[in-house]
Amino acid sequence: MQHTALAPDQAMAAHPLEYSDPELRVYADEQAQDILDTVIWYMPLVLPCMAAILIFMLAFIAVFMA
């Protein structure tokens, strides 16, 4: 029985040389987006909002415990 798994560097590559499913190759080449590129545009809004929520939660805990 021959080992058919990809090498770790090839399996973790952005575009592997071989795909077991041809539809996966089409999806990966045409429609897959980099997750970081989609998330990074929301970070200037999400980080300050989450920081404000965290501050209010900590203040509520401090007042409740006092």
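1. Fold pattern. Going along the sequence, the chain reads α-α-α-α, that is, four helices and zero strands. Helices here are DSSP runs of H or I with at least four residues, strands are E runs of at least two, and numbering starts at the N terminus.

2. What kind of model this is. You're looking at a predicted model, where local features need pLDDT of at least 70 and side-chain atom pairs count only at pLDDT 80 or more, while totals for chains, interfaces and linings use all residues. Residues are numbered from 1 along each chain as its sequence is written, and side-chain values use heavy atoms, with hydrogens and water left out.

3. Confidence. Mean pLDDT (the predictor's confidence in each residue, from 0 to 100) is 77 for the chain, with 52% of residues at 70 or more. Where pLDDT is low, the predicted coordinates should not be read in detail.

4. Burial and surface. Of the 66 residues, 3% are buried (under 20% relative accessible area; exposed is over 50%, partly exposed in between, using a 1.4 Å probe and protein chains only). The chain exposes about 6600 Å², 71% of it from carbon and sulfur atoms; areas come from the Shrake-Rupley method with a 1.4 Å probe.

5. Nonpolar patch. Ile40, Trp41, Tyr42, Leu45, Val46, Met50, Ile53 and Met57 make a nonpolar surface patch with about 920 Å² of accessible area together. Patch members have over 30% relative accessible area and no salt bridge, and nonpolar side chains are joined within 5 Å (like charges within 9 Å). A salt bridge means a Lys or Arg side-chain nitrogen within 4 Å of an Asp or Glu carboxyl oxygen. Ile40 sits in the loop between α3 (35-39) and α4 (43-65) and is partly exposed at 45%.

6. Aromatic pair. There is one aromatic pair: Phe60 and Phe64, stacked, 6.1 Å centre to centre with 20° between the planes. Rings of Phe, Tyr and Trp (its six-membered ring) pair with centres within 6.5 Å; planes under 30 degrees apart are stacked, over 60 edge-to-face, the rest tilted. Phe60 and Phe64 are about one helical turn apart because they lie four residues apart in helix α4. Phe60 is exposed at 58% relative accessible area, and Phe64 is exposed at 64%.
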